[in-house]
Amino acid sequence: MEEFEKTLSRQQAAIEAERCLYCYDAPCQAKCPAHVPVPEFIQSIRSGNLHGARTLLQTAHPFIETCGRICPEEAFCQSVCTRSKIDAPLRIRELHRFVTDSTDPTDRMELPEVTVGRVAIIGAGPAGLTCARELRIRGFSCDVFEARRMGGVPSQEVSTHRYPQKVEEREICFLASVFATHVYTKHVTDVKPLIADYDAVFVATGLPSESDMNIDGAQLVGVHHARELLRRMKSGVISGAGNRVGIIGGGNVAIEVASMLREEDPTRDVTVVYRRGIKELKAFKKEIEEATALGVTYQFLAIPDKIVGNHHVEGLQVTQAHLCEEDESGRCRFEPLPGSSFIIPLDTVVVAIGQRVDEDVFPGLARGNSGLISVGENMETSMPGVYAGGDAVHGAQTVVEAVRDGKKAAEQIAALVAGGK
Amino acid sequence: MYREHDLSYDFLGIHLENPFILSAAPPTDELDIAIDGLKAGWAGVVLKTTSVEGNPVNLKYPMMSSFGTAAHKLWGLGNIDLISQYHINEICERVKTLKGMFPTKMVAASIMGSKKEDWQSLVWQLKKAGVDLIECSFSCPQGSMGEAPGRMLAQSIEATEKVARWVKEAAGDTPVLIKITPQVTDIVEIAKALKRSGVDGVTASNSVPALIGVDVETLEPLPSLFGEGAYSGMTGMVIKPLTLRTIAEIARNVDITISGNGGAYSWSDAVELMAVGASNVQFCTLPMHHGFGTIRDLKSGLADYLDRKGYASPLDIVDKALGSIKGQEELVAPHSHSDIDIDKCIGCGNCFRACNDGAHRAILWDAEKRQPSVDADKCPGCGQCMQVCPVNAIRMKEELDGKVHYFEFGGTHQV
């Protein structure tokens, strides 16, 4: 699948780099959860020093190939770009991507001997692999346990038009082969057996389970979970979706699965069914634009009542909503319009209403109200020596936030081990 | 539909429709191109320098190079060009053709020779063809042809005076301009030599001898022809400050007519050159970059300026800035300090960093608000902060005798 966005040309990048104001104590850098030194790497683009730019990026951030493509810049660096006060923000993510696409990841590696300690990392997503890298750099050996495909959500669930396989392989293979001592394909559900063998454990399993739709017809043939479908398509298996697909939800996963279903079969109708309006969609702007360009359509202000059908899905009955005042989050509340229900004829319904916390795994780790694993300021769980981060702790978040967690956990683990010796 | 402001005046007895002339360079080296330039509205042409037979013109292509940034490639333009490959006979034919087509425009020609006979024969032929003015290149950056390759005639006071006399002797009542180089120890001495020689004026000045660059991958000089390169003549906006100083120095010290040349890219650049002493302004890099159509903005921009300032003629601008150019030691010492307009400030912190790392550590930084402030006791008002401010939110403030003065960022114009 061809990528949606092209890498900036050398000339485009150089011209864009000239717009940077090189702010002192730059807000973009502070806003980046991984604290990528934005003005400095842009200055290196301007001077033609792309290897220097890459070194800056990869020192701050192991998932630079990934974030150069899928980081929602409007939520981070670009949202605070000072240049917006003159005209428009710098295209920081695209400049970042220009650097990673123009340089080689294996440049100039120098790692210390493994002498400091051993850490088990459960989950080879952005949080887990970041933690592994940061610990390996500090002289730890890291055993990584992963039940599924390496790389976490981007590898498993982000469509190839935004995150091509060659980019994924380049980044994830590099990280796993250079920084992980062993990678075990194993579904770990309890940390206790690991504690004796390791100085510390980092739990970064994400939230693989999905919420169910509690409406009639949810058990019909033709009802799917969005992320499961994404994982299936990402691994090369056909989705099995029909020709008239309705996707319930308005977040990134809903938009992602809609795009990927259109990609899989461009003759298929794919409609995102959402309770509120276009402004309230929670997905990132760029993903919505790309989905729209792929031909995804929308049914806004539609509250799902039930999935209709006899054994197999035949449609989705929805009630029309109207928007009311804004809630605390700034999004409009919605209310059903009585007597306005209608049926959207569909042969497939995809449920994309969020992840579910699986409280059966990791017995002994204290959990918060929402069922997510609780950690203290130092990322340590209720069990000494066991740390946790990423989606398993915070709920669904971005790659760069998982990277931040991985970095922080590694720091804390290193401090713990140093203190204990 | 709209009234055209009259920009015409008299220059060395020649009628100029406006002060903007196409200089002796590629835009005047082909008859049809020169015709298009004059049709577009330029007031005159100086046909590209010609010489006598027997002086081979071995051009090496590519001859052009430039330097700048990705977004502004052409801060400076370089060439290893030589004089025209066209023979004097051809140039004389062109003078006749152009005078026939454009009787109200200035048709000048540029010449270069080595021996006295060469110079004088060139002058006689041009006079016979009816040329309005003769410009003599004493300053080709590739060196004068003949006697001293690699050196420029206008780098020698004695040679300059001697050759200028030969030319003026032959030219008689036809005006003669000598085009000089800014690369001399003392430009005033050269201008005085020209004054003594009796020529009518000086064209200040030619392209600046320069090495445009070195390719860091191959370590070849730029422009590189099979790995080897030569010094270029540099033109374009980057040389304007050099030209301004050259013209001003001549105008402050020698009573001689000056045709301004070198680095003007807009009507306001032209006003600057005239304000320090030029009576007209020659252009080459601007039309080579953006075409002959630039004359429209030059004319309308100048016309608007004259209206706003209440000047009747472009000549009213000439020398207006000269009286204020002083030696540094003569300037009044202000006691100013940086004054930041927080409403304009966008919080980039460039002023703070510039002051902290390169000036007086007199700007304080509120990291929380992302706001600079000035410690007036430490700030001597050097002005570096206002150079780096991307939005011109900073000026230098001085309170003297109960009156407030502001020193503002120069080079920008209120719109």
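Begin in chain B and select strand S17 together with strand S20 (residues 394-400): the two run antiparallel and are joined by four bridges. Helices and strands on this tour are DSSP runs, numbered from the N terminus, with at least four residues (H or I) for a helix and at least two (E) for a strand. Two strands count as paired if DSSP finds at least two bridges between them. Now pick out B:Ile340, which stands opposite B:Ile394 in S20(B).

A word on what you are looking at. This is a predicted model, in which local features need pLDDT of at least 70 and side-chain atom pairs count only at pLDDT 80 or more, while totals for chains, interfaces and linings use all residues. Residues are numbered from 1 along each chain as its sequence is written, with chains lettered from A and ligands numbered from 1 in the order in which they are written.

Next, colour chain B by domain. Its assignment gives domain 1 (9-324) and domain 2 (332-407), with bounds that come from an automatic or database domain assignment. Taken over C-alpha atoms, the centres of domain 1 and domain 2 of chain B are separated by 41 Å.

Staying in chain B, stop at two cis peptide bonds. One runs from B:Tyr61 to B:Pro62, with omega near -5°; B:Pro62 is in the loop between strand S4 (44-50) and strand S5 (64-67) of chain B. The other runs from B:Ala204 to B:Ser205, with omega near 0°, and B:Ser205 is in the loop between strand S10 (201-204) and strand S11 (208-210) of chain B. Why flag these? Most peptide bonds are trans, and most residues other than glycine have a negative phi.

That brings up B:Arg370, which has a positive phi of about 50°. Find it in the loop between strand S18 (363-366) and strand S19 (371-374) of chain B. B:Arg370 is buried, with 20 other C-beta atoms within 10 Å. (Buried means 20 or more other C-beta atoms within 10 Å of the residue's own, exposed 12 or fewer, partly exposed in between, with C-beta atoms placed from the backbone.)

Jump to chain A for A:Met379, where phi is near 75°. A:Met379 lies in the loop between strand S15 (355-356) and strand S16 (386-388) of chain A and is buried, with 22 other C-beta atoms within 10 Å.

Now for the cores. Which residues touch the most other members of the largest nonpolar core? Select A:Phe202 and A:Val203, out of 98 residues. Such a core is a set of buried Ala, Val, Leu, Ile, Met, Phe, Trp, Tyr and Cys residues joined through C-beta atoms within 7 Å. Another core, of 84 residues, lies apart from it and includes B:Ala109 and B:Leu244.

Last stop: the interface, where 14 residues of chain B are in contact with 12 residues of chain A (contact means C-beta atoms, placed from the backbone, within 7 Å). Helix H10 (residues 350-358) of chain B supplies the largest share of chain B's side, three residues.

Notes: Two residues are in contact if their C-beta atoms, placed from the backbone, lie within 7 Å.
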